[in-house]
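Subject: Structure handover

Hello,

My notes on pockets, a cavity and ring contacts follow below it.

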Amino acid sequence: LSGKFFVGGNWKMNGDKKSLGELIQTLNGATVDQNVVCGAPSIYLDFVRSKLDAKFGVAAQNCYKVPKGAYTGEISPVMIKDCGVHWVILGHSERRHVFGESDELIGQKTAHALENGLGVIACIGEKLDEREGGITEKVVFSQTKVIADNVKDWSKVVLAYEPVWAIGTGKTASPQQAQEVHEKLREWLKTNVSEAVANSVRIIYGGSVTGATCKELASQKDVDGFLVGGASLKPEFIDIIHAKA
């Protein structure tokens, strides 16, 4: 898995069996040798995994930090795997800022998901006031530290840098802005985890990635792929998958 360009599609709370079925047919017809993982709403995980070609991975968009119990409305890594799904997205900015998930909780979820054999797409990123206040590095380093403290095996982790001000706003970080943060994250990993991990872990970019913006972003040295929101529900997702052709 490691080393290859990695593209995640985060469908968020979108789609129904009809529209997702049509999207899946389009995806199944595409030629893909990149790592591609589609993040489906939990109620459709079973449906998507049964229809989507095996060349694609499937991810849950969140999970809880224990295997089972009295946690109404939650799903666990054990359940996710029981549906044949092998990935989970954790710490997405909407989980952090709309639903109030703390760094600590995201760290605990990361540890539990990895212990149960799921791959984790771990999301980090600063808000607009934080970027304007000049504390982007401070914010993303502290978020990354909580994730790193909970990881034993980095081969199952993909780091997704998503500047919150660029998600769904139509504002994309410039390729230079993305590269700058990715490079600093890699340096942080080198110093705080290891050089081997820094060199091998994939750091992907998210935040209004489209067919129009993806090629130049993909050409940046430290951008190893994308986490795509709205565009992952459209046929242009296939163009984004092939951005680093």
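First, a definition for the classes used here: Ala, Val, Leu, Ile, Met, Phe, Trp, Tyr, Cys and Pro count as nonpolar, Asp, Glu, Lys and Arg as charged, and the others, including Gly, as polar. Please keep in mind that this is a predicted model.

Cavity

The structure holds 1 cavity of 30 Å³ or more. The space in the largest cavity is about 30 Å³. Its lining is made up of Gly91, His92, Ser93, Arg96, Cys123, Ile124, Gly125, Glu162 and Val164. By class, that gives 3 nonpolar, 4 polar and 2 charged residues. Two elements, α4 (93-97) and β5 (119-124), each supply at least two residues of this lining.

The largest pocket holds about 570 Å³ of space. It is lined by 20 residues, and the closest to its centre are Ser42, Gln61, Asn62, Arg95 and Phe99. The lining divides into 8 nonpolar, 8 polar and 4 charged residues. Arg95 and Phe99 are also in contact with each other: the charged end of Arg95 sits over the ring of Phe99, 4.1 Å from the ring centre.

The second largest pocket has about 210 Å³ of space. Here 18 residues form the lining, with Gly168, Ser208, Gly229, Gly230 and Ala231 nearest the centre. Its classes come to 5 nonpolar, 9 polar and 4 charged.

Aromatic pairs

How many aromatic pairs does a search of the whole structure find? The count is 6.

Tyr71 has a relative accessible area of 38%, so Tyr71 is partly exposed.

Best regards

Conventions:
Residues numbered from 1 in each chain as written. Predicted model: local features only at pLDDT ≥ 70, side-chain atom pairs only at ≥ 80, totals over all residues. Heavy atoms only, no water. 1 Å grid on protein atoms, 1.4 Å probe; cavity = no way out; pocket = protein on both sides within 12 Å on 5 of 7 lines; lining within 4 Å. Points joined across faces, edges and corners; volume = space filled by probe spheres on them. Phe/Tyr/Trp six-rings, centres within 6.5 Å; stacked < 30°, edge-to-face > 60°. Buried < 20%, exposed > 50% of the residue type's maximum accessible area, 1.4 Å probe, protein only. Lys NZ or Arg CZ within 6 Å of the ring centre and 35° of its normal. Helix = DSSP H or I, 4+ residues; strand = E, 2+ residues; numbered from the N terminus.
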